[in-house]
Amino acid sequence: MNMEFLEVHPQELKFNVELKKQSSCSLRLVNRSNDHVAFKVKTTSPKKYCVRPNTGIVKPQSTCYFVVTMQAQRVFPPDMICKDKFLLQSTVVPEGTTDEDITPSMFAKDYGKYVQEKKLRVILVSLSPDSPVLSPINGTLKQLPVYQLPTLEDQLLSTVDNYSSDHKDIEDMEEFKMGYGEQLELAKDVESKTRKDVDTKSRKDVDSKTTKDVESKTTKDVESKTTKDVESKTTEDVESNTTKDVEDLKLVKDIEEMKSKLNDLELKLREAEVTISKLTEDRRLTTQEGVILREELATLRSSRGIRKVQVGFPLLFVCMVALVSLMLGYYLHR
């Protein structure tokens with residue numbers, strides 16, 4: 001299998017390190033296959049990081065998020081280099097598998113199951129002035145000594161002073177020439193040569209110094225602009241990452257609150273079902289007791305009617321008494 005089960009975005013964990021403050025980083029898992037994929041996140045420093053959720057199932061053609069929180073640090077690590085690593089394991093599971101069904105044996109390779117593993121490294125970013133490095137690059141920034149270069153005005157003044165001193169020498173030579181006619185031609189040659197030398201030297205000095213000043217100014221401007229651009233970009237990236245992390249944390253918190261509310265509702269529904277079952281049983285028992293009481297009342301009423309009939313004299317006995325009384329009366333009247 002060359003196809004990846006899950007795509008991870010981003011592929012590095014970046015944490016904005018601030019002393020005595022927690023830092024979080026959210027990652028997105030994308031399942032572009034048509035299978036249900038289970039994942040598990042491991043780390044080399046489980047006491048330093050908190051992963052929520054560290055296991056789960058990503059449905060086909062869907063995404064899933066998990067958040068990694070780094071505990072508050074008391075001291076900056078040396079050179080802002082972090083050797084901690086994370087391992088993301090993923091494997092295909094049958095449809096209908098839930099998060100509660102995930103076990104460590106699913107990610108074991110003993111039974112020939114194919115498990116993909118992906119390593120994620122940690123990058124530390126710090127914006128505080130106390131940190132040893134102000135960028136995520138693993139290295140140290142060395143400050144070079146700044147040499148104060150002479151300004152353009154000082155250079156021009158020095159060249160003018162040199163030129164004025166040379167010019168005074170030329171005037172003295174003219175006076176000397178006026179006094180001594182024989183050395184006139186030699187003085188002219190010296191004057192022209194000195195003037196040419198002074199002009200060439202002054203021009204060369206001014207040109208070299210101006211080019212140095214321009215180059216130094218341009219390099220300084222470029223360095224300042226690059227540092228400003230880098231700082232602005234880093235701040236924008238950090239702000240965007242922090243806003244995304246905050247939004248992801250809010251989503252995770254909302255999801256956890258919804259889960260807790262659903263669990264409470266399920267408990268209440270279960271309690272209501274138990275009470276309803278109890279009430280139905282009580283009603284059934286009361287109806288049975290009512291039927292039994294009615295049957296007992298009927299039997300009591302029937303037993304009372306039988307006793308009343310038995311208390312009266314039978315008809316044959318009445319007839320016999322009447323005959324006997326008639327016979328006695330007849331004999332007495334005779």
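Me: Is cysteine 82 buried or exposed?
Reply: Cysteine 82 is buried, at a relative accessible area of 15%. Buried means under 20% relative accessible area, exposed means over 50%, and partly exposed is in between (1.4 Å probe, protein chains only). Keep in mind that this is a predicted model, where local features need pLDDT of at least 70, side-chain atom pairs count only at pLDDT 80 or more, and totals for chains, interfaces and linings use all residues. Residues are numbered from 1 along each chain as its sequence is written, and side-chain values use heavy atoms, with hydrogens and water left out.

Me: And cysteine 25, buried or exposed?
Reply: Cysteine 25 is buried, with a relative accessible area of 5%.

Me: How many disulfides then?
Reply: The count is zero disulfides, where a disulfide is a pair of cysteine sulfur atoms within 2.5 Å.

Me: New topic: which residues does a cis peptide bond join?
Reply: Histidine 9 and proline 10 are joined by one, with omega about -10°. Proline 10 sits in the loop between strand S1 (7–9) and strand S2 (12–16). Strands (E, at least two residues) are DSSP runs, numbered from the N terminus. The bond from arginine 52 to proline 53 is cis too, with omega near -15°, and proline 53 is in the loop between S5 (49–52) and S6 (55–58).

Me: What about phi of aspartate 79?
Reply: That phi is positive, near 60°. Most residues other than glycine have a negative phi. Aspartate 79 is in the loop between S7 (62–70) and S8 (85–93), and is partly exposed at 33% relative accessibility.

Me: Where is methionine 80?
Reply: Methionine 80 lies in the loop between S7 and S8. Its phi is also positive, near 55°, but methionine 80 is buried at 2% relative accessibility.

Definitions and conventions: Helices (H or I, at least four residues) and strands (E, at least two) are DSSP runs, numbered from the N terminus.
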